Amino acid sequence: MKLKNTLIILGAVVLIVSCATNPFTGKKTMALVPNSQLFPTSFAQYDQFLSENKVIKGTSDAAMVTRVGQKIAVAAERWLSANGYVGYLNDYKWEYNLVDDKAVNAWAMPGGKIVVYSGILPIANGETGLAAILGHEVAHALANHGQQRMSAAYVQQGVAIAGNIAIKDEQSRNAFNQYYGVGSQVGVMLPFSRAHETEADKIGLYLMAVAGYNPAEAAELWKRMSAQSNGQAPPELLSTHPSNASRIANLTALAPEAKKEAAKFGVTSFK
C-alpha cells in the first residue's frame with residue numbers, strides 16, 4: 001500500500017510539472033528539466049564534442065550539410081509560424097557540422113545542435129537523401145525529444161528509488177528491482193524511444209517537403225539503410241528504433257500527406 005501511494009504521489013507531481021506542449025501533436029509532454037537549463041548544457045557539450053573530433057570544413061559536402069540544414073530550419077520556422085507558434089525557435093541556435101567518422105549516423109542535441117558523420121553521406125546519396133536525414137534530426141530537436149527522454153529517465157529512477165524505500169523485505173525488494181528494471185526498459189523506455197523516432201520521421205518528412213525536397217526519397221533512404229545493415233538490426237521489441245521495414249512502410253504511406261502539407265506553403269515541385 002505504501003508503494004502504491006508513493007507511486008500515485010510521484011505520478012501526480014509529474015503531471016503537474018509536465019506542462020510543455022509538442023507543437024506538432026498538441027499533446028502535453030514531460031518537461032522536468034526546462035529548456036532554459038537544458039539548452040546551455042547541450043550547447044556546451046556540443047562544443048566539447050566538436051573540439052574532440054575532426055570537423056570537416058571548406059568542402060562541398062560540408063557546405064551541403066549546412067545548406068540543407070538551413071533550408072530545413074527555415075521550413076520549420078515557416079510551419080511553426082503558420083500554425084500559431086511564432087517565436088517558438090527564439091532560443092534555438094541552429095548549427096550543423098560534418099564530422100569525419102565512418103559511422104553511419106547523425107544526431108541532434110536539444111536546442112538545434114546537429115552532427116552528421118561522413119560515413120552516412122554515401123547512403124544519403126545526395127542532397128535529397130541528406131534532407132531526409134536532417135529533417136528527422138531537426139524534428140527531434142523541435143519536438144524536445146531530448147527533454148522528454150531525460151524527464152522519463154528521472155521518473156524511471158524515481159519509481160525505482162520509491163520502490164526500494166517502500167519495500168522493507170530484502171527478498172521482495174530484490175525481486176522488485178529485477179522485474180522493474182527489465183519491465184520498465186522493455187515495456188516503457190524502449191517503446192517511448194521508438195515512438196519518438198516514428199514522430200521524428202513524420203515531422204521530418206513534412207519539413208523536408210516544405211523545404212522543397214521530395215518526401216518520397218525518405219523511404220528510399222531507409223531502403224538503402226536496410227541494405228547496408230545486412231539484417232543485423234536487433235528485434236524491434238528490444239530496440240530504441242522501429243524496424244527498417246516499419247519505417248519504410250510508414251514513410252511511404254506518409255509521403256503523399258507531406259506533399260499536401262507542402263502545397264499549403266506554395267511548394268508543389270520537389271528536388
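Mentor: We'll take the salt bridges, then a pocket.
Mentor: This is a predicted model, where local features need pLDDT of at least 70, side-chain atom pairs count only at pLDDT 80 or more, and totals for chains, interfaces and linings use all residues. Residues are numbered from 1 along each chain as its sequence is written, and side-chain values use heavy atoms, with hydrogens and water left out.

Trainee: How many salt bridges are found in the whole structure?
Mentor: The search finds 11. A salt bridge here is a side-chain nitrogen of Lys or Arg within 4 Å of a carboxyl oxygen of Asp or Glu.

Trainee: What does Arg67 pair with?
Mentor: Glu127, with the closest N and O atoms 3.0 Å apart. The pair links distant parts of the chain: Arg67 sits in helix H3 (residues 60–82) and Glu127 in helix H5 (residues 127–142), 60 residues apart. Helices are DSSP runs of H or I, at least four residues, and strands are runs of E, at least two, numbered from the N terminus.

Trainee: Is Glu127 buried or exposed?
Mentor: Buried, at 19% relative accessible area. Arg67 is partly exposed at 35%. The cut-offs: buried is under 20%, exposed is over 50%, partly exposed is in between, with a 1.4 Å probe and protein chains only.

Trainee: Which Lys forms a salt bridge with Glu127?
Mentor: Lys271, closest N and O atoms 3.4 Å apart. Lys271 lies in the segment after helix H9 (244–263), 144 residues from Glu127. Lys271 is exposed, at 52%.

Trainee: Which residues make up the network?
Mentor: Arg67, Lys71, Glu127 and Lys271 are linked by salt bridges.

Trainee: What about Lys260 and Glu257, where do they lie?
Mentor: Both are in helix H9, three residues apart, about one turn of the helix. Lys260 is exposed at 53%, and Glu257 is partly exposed at 38%.

Trainee: New topic. What volume does the second largest pocket have?
Mentor: About 200 Å³. A pocket is an open set of points on a 1 Å grid over the protein atoms alone, where a 1.4 Å probe fits, with protein on both sides within 12 Å along at least five of seven lines; lining residues have an atom within 4 Å of a point. The volume is the space filled by probe spheres set on the points, which are joined across faces, edges and corners.

Trainee: Which element supplies the largest share of its lining?
Mentor: H7, with four residues. Strand E2 (28–29) and helix H7 (170–210) each supply at least two. The lining residues include Lys28, Thr29, Phe192 and His196.
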